[in-house]
Amino acid sequence: MAKNTKTSIQAIRGMNDTLPANTPRWQYVEKVFRELMASYGYNEIRMPIVEKTELFKRSIGEVTDIVEKEMYTFSDRNNDSLTLRPEGTAGCVRACIENGLLHNQTQRLWYSGPMFRHERPQKGRYRQFHQMGVETFGLAGPDIDAELIFMTARLWNQLGMQDDVQLELNSLGSSEARSAYRDILVDYLNQHKDILDEDSQRRLTSNPLRILDSKNPDMQAMIEAAPKLMDHLDDESKTDFERLRKLLDNADIKYVINQRLVRGLDYYSKTVFEWTTSKLGAQGTICAGGRFDGLVEQLAGKPTSAMGFALGIERLVALLEDDDRAYLDNSPHAYLLMAGEQAEQQGFVLGEKLRDEIVGLRLLVNCGGGSFKSQMKKADKSGAHVALILADDEIANKQVTIKDLRGDMGQQQIEFTELNSYLSEWVYSE
């Protein structure tokens with residue numbers, strides 16, 4: 001026999017498979033989030049994963065790490081520059097402008113799906129990662145800022161991780177106030193240029209506020225002594241931030257003011273927030289968001305107030321790894337075994353009839369033949385609660401033999417006419 005000399009093809013580094021053993025936890029997180037969105041009256045929007053490169057250059061900023069280093073960009077056959085989306089906000093804004101969703105309207109939207117950035121893969125940071133996001137439009141006051149924070153706090157409670165996260169809050173002020181502060185900050189940083197590391201030297205001319213977020217221990221004393229953006233806010237931003245804090249205090253939402261929280265994208269203004277955890281090592285941010293009031297106009301729409309957030313599904317799933325509650329049980333309620341040709345002919349008809357009549361029934365019907373013993377092994381391995389056995393005797397007596405695979409109920413015979421009622425108890429008791 002000739003040896004197979006072909007090499008196996010591996011997944012792209014940083015783009016991971018989610019295997020059947022792990023998907024139930026993902027499904028659980030997605031289900032909780034989807035139901036939370038419905039409870040707040042938010043509507044789902046679905047955008048393409050490929051957009052024109054110009055969209056991200058204009059929204060995120062050409063002199064950001066994402067655009068300069070991390071985007072997956074390519075030319076298609078028409079020589080158009082296209083990019084796999086590195087985040088969801090820009091595409092959502094583009095979709096709303098293009099489809100006329102913003103003119104004299106308010107929108108509360110959510111989305112979910114993969115994003116792509118060419119980063120160095122590590123735990124909690126991948127090249128294909130998945131986010132669930134929320135974007136709101138046409139709502140100018142801090143009340144919508146508070147609602148999004150209430151919403152995320154409720155999500156942590158529903159996922160049982162409220163004790164593992166902390167809310168960090170800041171205000172970036174208006175674009176005018178931030179621009180004036182930027183000049184003050186650059187003057188200060190230039191006085192300490194010899195302390196700045198390579199990344200910070202580059203950011204000094206492109207995005208100096210990001211230097212405040214540096215984790216370099218050699219720069220911490222200098223950063224702590226830097227002028228504070230909070231001391232240079234415009235009056236409207238100060239008033240909105242105080243109103244937001246009052247709303248959070250009244251709802252007993254705990255938070256810390258982090259004046260170094262600036263977010264990495266150019267389009268943020270006023271309120272910014274992050275939910276962080278100490279349980280995931282360096283990748284401690286699980287949810288982040290803020291206002292982006294200028295982005296719609298920046299992308300050729302009319303001036304529109306906007307606020308949103310995104311959270312990382314991989315990081316949420318990692319936080320829930322040891323939580324048995326965070327799991328959707330997708331194992332079959334029943335496994336149907338068939339012994340003999342006549343049983344096989346009738347078994348598939350019976351299986352379809354049961355699925356028709358019992359909403360939500362998870363029934364796995366044996367395929368591929370096999371001895372009774374091998375079928376029983378398959379039934380046990382499937383995780384099914386019970387085995388339904390159909391053979392010549394059962395067909396002659398119009399019965400099904402039921403064997404309890406997980407408890408101590410043993411084995412019993414049930415009339416065909418009683419099978420619906422019996423299986424319904426398994427389904428509706430979940």
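**Salt bridges and a buried asparagine**

Biologist: What makes K31 and E35 a pair separated by about one turn of the helix?

Modeller: Both K31 and E35 lie in helix 1 (residues 23–40), and they are 4 residues apart, about one turn of the helix; helices here are DSSP runs of H or I with at least four residues, strands are runs of E with at least two, and both are numbered from the N terminus. This is a predicted model, in which local features need pLDDT of at least 70 and side-chain atom pairs count only at pLDDT 80 or more, while totals for chains, interfaces and linings use all residues. Residues are numbered from 1 along each chain as its sequence is written, and side-chain values use heavy atoms, with hydrogens and water left out.

Biologist: Why is the contact of K31 with E35 called a salt bridge?

Modeller: The term requires a side-chain nitrogen of Lys or Arg within 4 Å of a carboxyl oxygen of Asp or Glu. The closest N and O atoms of K31 and E35 are 3.0 Å apart, so the pair qualifies as a salt bridge.

Biologist: Why is K31 called partly exposed?

Modeller: With a 1.4 Å probe and protein chains only, buried means under 20% relative accessible area, exposed means over 50%, and partly exposed is in between. K31 has a relative accessible area of 31%, so it is partly exposed, and E35, with 45%, is therefore partly exposed as well.

Biologist: How do you know that K254 forms a salt bridge with D252, and are these residues buried or exposed?

Modeller: The closest N and O atoms of K254 and D252 are 2.3 Å apart, so the pair meets the salt-bridge definition. K254 has 59% relative accessibility and therefore counts as exposed, and D252, with a relative accessible area of 54%, is exposed too.

Biologist: Why is N366 called buried?

Modeller: N366 has a relative accessible area of 4%, so it falls in the buried class. N366 is found in the loop between strand 13 (363–365) and helix 13 (372–381).
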